[in-house]
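Here are some notes to go with your first look at this structure. Have the view open while you read.

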Amino acid sequence: MNLPVIIKFVIDLLAVLLLALGIKGLSKVKSARDANRLAAFAMSLSVVGLLSYYLGTSGIAIQSWIWIIIGSILGSLFGAILAKKVPMTSMPETVALFNGCGGMSSLLVALGVAIFPISGGQENFDFFKSLINEVSISVSIFVGAITFTGSIVAMAKLQGWLSTPGWTQSKVRHFVNIVFAVASLIAFFDLINGNTSSIWLLVIVSSLLGIGVTLPIGGADMPVVISLLNSYSGIAAAAAGFVVDSQLLIVAGAMVGAAGLILTQVMCKGMNRSLVSVLFGGSLSAQSTATSGSGEYTNITSCSVEECALTLEAANKVIIVPGYGLAVAQAQHTLREVTKKLEQNGIEVVYAIHPVAGRMPGHMNVLLAEADVPYEQLKEMDVVNPDFPATDVVLVLGANDVVNPQAKNDSSSPLYGMPVLDVQEARTVFVIKRGMSAGYSGIKNDLFDLPNTSMVFGDAKKVLNDLIGELKDLGVGEK
Amino acid sequence: MSFISLLWVLLLGSLLGLELIGKVPPTLHTPLMSGANAISGITMLAALTLIVKAEGNVPLLIIGSVSLGFALFNVVGGFFVTDRMLAMFSRKPSNKK
């Protein structure tokens with residue numbers, strides 16, 4: 001072993017260690033920010049390690065430097081700009097976009113190696129080695145393409161650029177996707193048999209498969225899909241690691257792949273959906289329209305903002321249940337104003353965070369943190385549920401399915417078994433909502449019919465603004 | 001590296017990933033996902049390798065460069081956006097009077 005090899009080995013080892021510590025640190029609120037920077041540092045370190053290795057051995061041609069600089073400047077620049085500009089509410093689609101590009105990168109590497117075999121030639125050619133090479137190239141292309149097109153479709157759907165076409169809700173889609181899957185398999189074996197041109201077939205059909213699988217999935221399930229695609233991009237990176245013979249790539253890719261799977265599992269649990277039903281079941285509302293047809297509301301009480309303010313003023317303990325609707329209305333800052341007033345009046349305010357509030361686990365926490373809500377006031381579902389009976393007022397803002405008592409009481413409901421917040425246990429529940437439309441699941445919410453529930457109709461932000469005015473008139477929060 | 005030892009690396013890396021993520025509070029799932037996503041941009045190393053080994057083959061240099069661009073878009077954007085999210089969590093103690 002010569003010096004460059006030893007240096008690269010040490011740097012790689014250090015980078016793996018730091019990446020692992022980074023992921024570990026991301027699991028605690030206190031250390032998360034430093035951990036993220038540590039991981040970023042580890043990534044830069046790995047680049048330095050790789051470049052110094054080539055400088056010390058084969059050298060790097062000027063021409064290569066030029067293309068390295070062009071690629072890195074453009075990629076970093078666009079990445080940094082997007083990361084700085086994007087609003088916090090669009091976090092899921094942003095992650096999807098980044099993720100898709102990671103998959104695209106793995107795909108391109110494999111494609112490049114496949115079309116122009118790298119003349120490195122340290123290893124002697126043998127059949128086993130070349131078979132592994134072809135398999136890893138195929139896997140990298142297959143997974144990379146699915147990650148790319150799947151992520152782009154997911155992003156477009158979350159942004160509202162793409163709707164769910166009708167045919168994708170019928171059985172036809174399974175047939176179409178099976179055709180794509182079989183075609184990729186054929187291309188895969190053809191490629192291993194030495195027919196290099198079938199690589200294009202593989203690229204095309206796996207791209208189509210990515211689209212075909214993601215397109216039928218409804219908006220509510222999209223975060224699960226993004227998380228799964230995140231896992232895929234790790235697998236694609238690991239496969240690319242086999243292509244270019246890099247342990248570091250394999251380790252990092254495998255870690256991300258495994259992490260993504262765990263996270264996907266957690267999200268499915270929170271939504272009471274199995275991964276299989278998310279991937280193959282189509283949109284949940286399409287399934288449930290048949291079962292929830294009987295769902296007419298019989299006992300809706302609507303009330304004015306003024307009444308709501310009066311009840312809040314008299315309360316001792318208030319729990320806020322925020323949902324994605326709150327974020328869409330960009331009302332988290334206005335909400336914070338309201339709660340500040342209540343707190344100044346000595347009223348205890350707590351935010352109940354359902355595991356899938358927002359659009360991804362933890363998304364709501366980020367949005368509320370953006371509005372300066374103290375971290376200690378955010379309570380997780382299991383912690384807050386026993387508190388509802390002792391609570392005077394619950395404000396439900398833009399949340400729907402996660403407060404539906406059907407999940408507990410009605411075994412015929414598609415929601416049955418999903419963990420929910422027991423808001424109906426509180427003395428009074430106010431649901432601030434635009435209209436009577438159903439939540440993501442498309443299922444009637446029994447909570448709205450309960451005698452202790454009042455609906456305050458209107459846009460969340462406007463209602464909260466009016467509420468601030470009413471509270472002011474009542475002298476709440478003014479010393 | 002022999003194929004078998006690379007497989008070991010794959011196996012141990014996966015186990016490490018499962019173990020590391022197992023105990024994360026839901027609060028941090030979105031930042032974690034975005035951070036892990038940034039790490040998956042490690043394919044930038046493969047892209048770099050491609051460019052260095054291209055030996056003047058211009059199409060390969062271009063493919064490598066585009067691949068590097070995509071990967072770095074993923075890495076840089078991913079880490080920045082994660083940092084932005086996490087900054088919101090750490091900002092509060094100083095804001096509280």
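1. Which residues touch the most other members of the largest nonpolar core? They are A:Leu19, A:Met255, A:Val321 and A:Val396, in a core of 193 residues. Such a core is a set of buried Ala, Val, Leu, Ile, Met, Phe, Trp, Tyr and Cys residues joined through C-beta atoms within 7 Å. Buried means that 20 or more other C-beta atoms, placed from the backbone, lie within 10 Å of a residue's own; exposed means 12 or fewer, with partly exposed in between. Helix 4 of chain B supplies the largest share of this core, 18 residues.

2. Before going on, some ground rules. This is a predicted model: local features need pLDDT of at least 70 and side-chain atom pairs count only at pLDDT 80 or more, while totals for chains, interfaces and linings use all residues. Residues are numbered from 1 along each chain as its sequence is written, and chains are lettered from A and ligands numbered from 1 in the order in which they are written.

3. Zoom in on A:Met255. Leaving out residues up to four places away in sequence, A:Met255 touches A:Leu19, A:Ala20 and A:Ile23, plus B:Gly13, B:Leu16, B:Gly17 and B:Leu20. Contact here means C-beta atoms, placed from the backbone, within 7 Å.

4. Now the contact between the chains: 98 residues of chain A meet 80 of chain B. On the chain B side, helix 1 (3–21), helix 2 (29–39), helix 3 (44–52) and helix 4 (58–95) each bring at least two residues. Helix 4 gives the most, with 33 residues. Helices (H or I, at least four residues) and strands (E, at least two) are DSSP runs, numbered from the N terminus.

5. For chain B, an unreviewed UniProt entry annotates residues 33–52 and 59–81 as "transmembrane region"; such annotations may be inferred rather than shown by experiment. In the model, residues 33–52 are 80% helix and 0% strand, with end C-alpha atoms 31 Å apart. Residues 59–81 are 100% helix and 0% strand, and their end C-alpha atoms lie 33 Å apart.

6. Chain A has 18 helices and 6 strands, and 53% of its 479 residues are buried. An open parallel sheet of 6 strands runs in the order 3-2-1-4-5-6. Strand 3 (378–380) and strand 6 (453–457) of chain A each have a single partner strand, so one side of each has no neighbour in the sheet. Strands pair if DSSP finds at least two bridges between them; strand 2 (residues 348–353) and strand 3 of chain A share 3.

Terms used:
Two residues are in contact if their C-beta atoms, placed from the backbone, lie within 7 Å.
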